[in-house]
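The sequence and structure come first.

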Amino acid sequence: MTPYTGRFAPSPTGPLHFGSLVSALASFLDARAAQGQWLVRIEDLDPPREDPAASDAILRILDVYGLHWDGSVVYQSQRSELYQAALEQLIATGAAFPCTCSRSQLGGHLHLGRCQPDPEQDCAYRFLCPDTHLTLHDGLQPDHSYDCQRSIGDFVIRRRDHLWSYQLAVVVDDAAQGITHVVRGIDLIDSTARQHLLQQALGLPHPHYSHLPVAVERNGQKLSKQNLSLAVSGEDVTATLFTALQWLRQSPPDALASAGRDEILQWAVTHWQPARLSGLSGQPAPSAFMRPS
């Protein structure tokens with residue numbers, strides 16, 4: 001069997017919130033329970049949205065919580081040559097094409113089929129969506145099916161400003177790092193279809209995906225940096241870990257609440273039962289990690 005390699009791949013647009021922490025924790029536990037590797041990748045592809053201090057802050061919090069990664073941290077901002085090679089491969093096979101269509105020109109409709117780009121404008125590159133049906137299996141969620149041209153369309157893989165899209169970069173990096181399992185929030189489940197199509201077009205393996213429920217605020221919004229969710233503190237680490245395990249429905253024993261950080265993590269690895277999250281799409285964050293009402 002192929003050894004397990006998982007990863008946690010945050011974007012440095014702000015500090016980790018509780019939703020990010022439980023995703024990191026679940027991914028870590030899944031890897032360690034399988035006696036596998038757990039990697040960390042910083043997805044710093046969008047400088048205008050990034051917080052210059054966020055990458056270091058994220059890594060510090062992971063370290064404080066005992067979520068120690070294997071190997072060196074990978075930064076996507078340093079991997080443009082790999083993404084360019086993948087784009088050229090897609091262009092050569094007819095699976096990618098230049099495009100100057102704007103969102104306003106598309107009017108809310110999907111882009112379908114090659115267009116005639118204006119040679120005087122900077123071009124984006126889109127992936128040419130095949131006319132196919134796709135059914136994907138998930139470790140925690142029901143099968144999800146797509147009529148690709150009706151629900152996905154031709155999506156951008158390199159922007160007009162020459163910044164790389166998340167979809168292309170994550171596919172290239174997952175393959176380059178030998179990622180076999182991806183544990184992440186259900187808010188990214190529709191990205192899986194796009195990534196599957198790119199993996200297929202590039203001849204890359206498909207990791208096994210498990211999509212976790214998201215933690216939500218009082219108003220039903222998911223916790224996110226964009227929604228200014230509260231940052232996870234480096235204080236009260238053991239209490240936060242215990243709460244995170246409760247949120248992940250792992251039923252930690254009450255006696256574990258007074259244990260040390262490493263003992264809590266050791267228990268969690270030994271008793272990890274991801275199936276307890278099957279079919280869940282979201283649940284409220286603990287009140288201490290919600291924005292004040």
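The model is predicted: local features need pLDDT of at least 70 and side-chain atom pairs count only at pLDDT 80 or more, whereas totals for chains, interfaces and linings use all residues. Residues are numbered from 1 along each chain as its sequence is written, and side-chain values use heavy atoms, with hydrogens and water left out.

**Aromatic pairs**

A search of the whole structure gives six aromatic pairs. Rings of Phe, Tyr and Trp (its six-membered ring) are paired if their centres lie within 6.5 Å; planes under 30 degrees apart are called stacked, over 60 edge-to-face, and the rest tilted. Two of the pairs are tabulated.

| Pair | Type | Centre to centre | Angle between planes |
|---|---|---|---|
| Phe-8 and Trp-38 | stacked | 6.4 Å | 15° |
| Tyr-83 and Trp-164 | edge-to-face | 6.0 Å | 65° |

Phe-8 belongs to strand 1 (residues 5–8) and Trp-38 to strand 2 (residues 37–42), so their pair ties together parts that are 30 residues apart in sequence. Helices (H or I, at least four residues) and strands (E, at least two) are DSSP runs, numbered from the N terminus. Phe-8 is buried at 8% relative accessibility, and Trp-38 is buried at 0%; buried stands for under 20% relative accessible area, exposed for over 50%, and partly exposed for values in between (1.4 Å probe, protein chains only). Ring pairs also join Phe-8, Phe-28 and Trp-38 into a cluster.

In the other tabulated pair, Tyr-83 and Trp-164 are both buried.

**Nonpolar cores**

A nonpolar core is a set of buried Ala, Val, Leu, Ile, Met, Phe, Trp, Tyr and Cys residues joined through side-chain atoms within 4.5 Å. The largest has 47 residues, and those touching the most other members include Phe-18, Trp-38, Tyr-65 and Leu-248. Helix 1, strand 2, helix 2, helix 8 and helix 9 each contribute at least two residues to this core; the largest share, nine residues, is from helix 1. Tyr-83 is among the members of a second, separate core of 27 residues.

**Helix 8**

Helix 8 spans residues 237–247, and its buried residues include Val-237, Thr-240, Phe-242 and Trp-247. The buried residues of this helix pack against helix 1 (18–33), helix 2 (54–64), strand 11 (214–216), helix 9 (261–270) and strand 12 (282–284). Thr-240 has a relative accessible area of 7%. Neighbours within four places in sequence aside, Thr-240 is in contact (heavy atoms within 4.5 Å) with Leu-21, Tyr-65, Glu-235 and Phe-289. Arg-249, which follows helix 8, has a positive phi near 60°.
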